[in-house]
Amino acid sequence: MSEPTRILVLGATGYIGGSIITELIDRNAEDRYVLSALVRKAYQASILADAGVSPLIFKDLDDFDVIREAAKDHDIVIAAASARHIECARACLLGLGDHAKSTGKETHYVHISGTSMVGDWPVSGERIDTKIYSDVDDDIFDVEKNFPDSHSPVRTVDQVVVETGEKEGVKTYIVPPPLIFGRGTGSFTLGVGQVHMMTQLSLKKKQSVMLGSGSGIWNRVYILDLTDLFTLLIRAILDGKSLPSGKTGYYFVENGFQTWKSISEGIGKAGKELGAFETDEVGEITMQEAADEFYNGNLRHAEGVLASNSRTKADKARQILGWQPKYGEEAFLEEIEEVVAAMVDEQA
């Protein structure tokens with residue numbers, strides 16, 4: 001019997017990474033892999049160890065040498081901690097490259113990105129882009145490479161991932177989720193996303209709000225559908241399937257879409273029914289207010305995450321991995337109601 005594949009997860013205490021860990025534990029009946037996770041604190045290590053995950057302690061994502069050494073002992077790294085940390089990605093890829101050179105084994109790096117990579121700037125009017133990008137019909141690597149650096153901070157990291165992976169002989173896969181919703185299944189956080197952020201701004205104003213006209217459109221995905229895609233991708237790697245990787249290794253993940261205005265309308269309706277708002281009408285908030293609340297005054301980040309257009313099609317996941325998402329609009333509308341109710345209760 002061959003040795004189980006060694007998988008390292010970064011971000012195991014977070015919303016996405018924690019949910020991925022849970023899914024991988026639940027779907028490992030054949031013991032095809034063993035799981036490790038980099039964590040910062042002893043209590044986190046203890047909880048993961050009790051779940052059957054080998055914990056490794058590090059300082060933070062800047063702990064380059066420790067991350068590289070950890071990756072060096074694994075066959076697959078799932079980086080779900082940050083879409084914007086270049087040096088963390090490099091450390092993982094160099095470590096996997098070291099492992100490939102010393103063992104002759106094939107190594108794989110799965111990187112969480114974000115669909116703000118194709119987002120525009122409709123409120124400031126700097127760039128409007130309503131195109132729906134397909135990971136099969138469009139060359140996403142080329143699209144990103146030809147965007148100006150200013151368009152998205154995750155774009156630069158994605159490019160480094162692909163180019164470093166090619167240099168080190170590591171197969172890379174980039175998964176850019178859109179708006180994620182639903183309760184996480186990890187041991188440490190249930191998750192906070194854009195619906196929570198818009199609700200926080202609205203409760204502060206005592207009225208539902210949006211940036212600009214709210215006409216920007218984003219896709220969405222339920223957290224369990226997202227983790228299902230990761231499991232399918234890992235299983236395809238374990239099965240030795242020939243998968244697109246590197247420059248062609250972008251895997252979008254989506255099941256439906258909504259405008260920012262429709263989200264705010266849902267927040268307004270729920271807030272009024274709960275007595276938190278006097279009206280269900282949607283007002284406006286400035287980009288500066290949103291930027292100050294969440295991004296230390298960075299207007300570009302606020303517009304890109306809370307007002308932009310970002311349209312994608314998960315063709316590769318459906319066609320190659322057989323991904324079949326289960327949760328759509330009904331679950332998303334329920335999420336808005338649940339988030340507003342929970343955040344209103346917190347303020348009570």
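**Exercise 1. Find which residues of helix H4 meet which residues of helix H6, and describe how the two helices pass each other.**

Step 1. List the contacts, where contact means heavy atoms within 4.5 Å. From H4, the residues Ile 86, Ala 89, Arg 90, Leu 93, Leu 94, Gly 97 and Lys 101 meet Thr 156, Val 157, Val 160, Val 161, Thr 164, Gly 165 and Glu 168 of H6. Helices (H or I, at least four residues) and strands (E, at least two) are DSSP runs, numbered from the N terminus. The model is predicted: local features need pLDDT of at least 70, side-chain atom pairs count only at pLDDT 80 or more, and totals for chains, interfaces and linings use all residues. Residues are numbered from 1 along each chain as its sequence is written, and side-chain values use heavy atoms, with hydrogens and water left out.

Step 2. Take the axes, which are lines fitted to C-alpha atoms, for helices over the stretch in contact; angles run from 0 to 180 degrees between N-to-C directions. The axes of H4 (residues 86-103) and H6 come within 10 Å and cross at roughly 15°.

Step 3. Classify the angle: under 35 degrees counts as roughly parallel, over 145 as roughly antiparallel, 65 to 115 as roughly perpendicular and the rest as oblique. H4 and H6 are therefore roughly parallel to each other.

Step 4. A crossing is left-handed if the near helix is turned anticlockwise from the far one by less than a right angle, and right-handed if clockwise. H4 passes H6 in a right-handed crossing.

**Exercise 2. Treat helices H7 and H13 in the same way.**

Step 1. The axes of H7 (residues 194-205) and H13 (residues 329-347) come within 10 Å, crossing at roughly 45°. That makes H7 oblique to H13.

Step 2. The crossing of H7 past H13 is right-handed.

Step 3. In H7, the residues in contact include His 196 and Leu 203; those of H13 include Phe 332 and Met 343.

**Exercise 3. Work out the order of the strands in the open sheet and which strands stand at its edges.**

Step 1. Two strands pair if DSSP finds at least two bridges between them. Six strands form the sheet, in the order S3-S2-S1-S4-S5-S7, with parallel pairing.

Step 2. S3 and S7 (171-175) stand at the edges with a single partner strand each, so one side of each has no neighbour in the sheet. On average, neighbouring strands are turned by 20° against each other, direction ignored.

Step 3. Look at S4 (residues 76-79). Four bridges join S1 (residues 5-10) to S4, with Ile 7 opposite Ile 76. S4 and S5 also pair over four bridges, and the bridge partner of Val 77 in S5 is Tyr 109.

Step 4. Both faces of S4 are covered: Ile 76 and Ile 78 on one side, and Val 77 and Ala 79 on the other, are all buried. Buried means under 20% relative accessible area, exposed over 50%, partly exposed in between (1.4 Å probe, protein chains only).

**Exercise 4. Determine which residues of helix H2 are buried and what they pack against.**

Step 1. In H2 (residues 42-50), the buried residues are Gln 44, Ala 45 and Leu 48. Seen down the axis of H2, they fall within an arc of 100° (taken from the directions from the helix axis to the C-beta atoms), so they line one face of the helix.

Step 2. Ala 42 and Asp 50 are exposed on the face turned away from the buried side.

Step 3. The buried residues of H2 pack against S2 (33-39) and S3 (54-57). H2 lies across both strands and runs at about 170° to S2.
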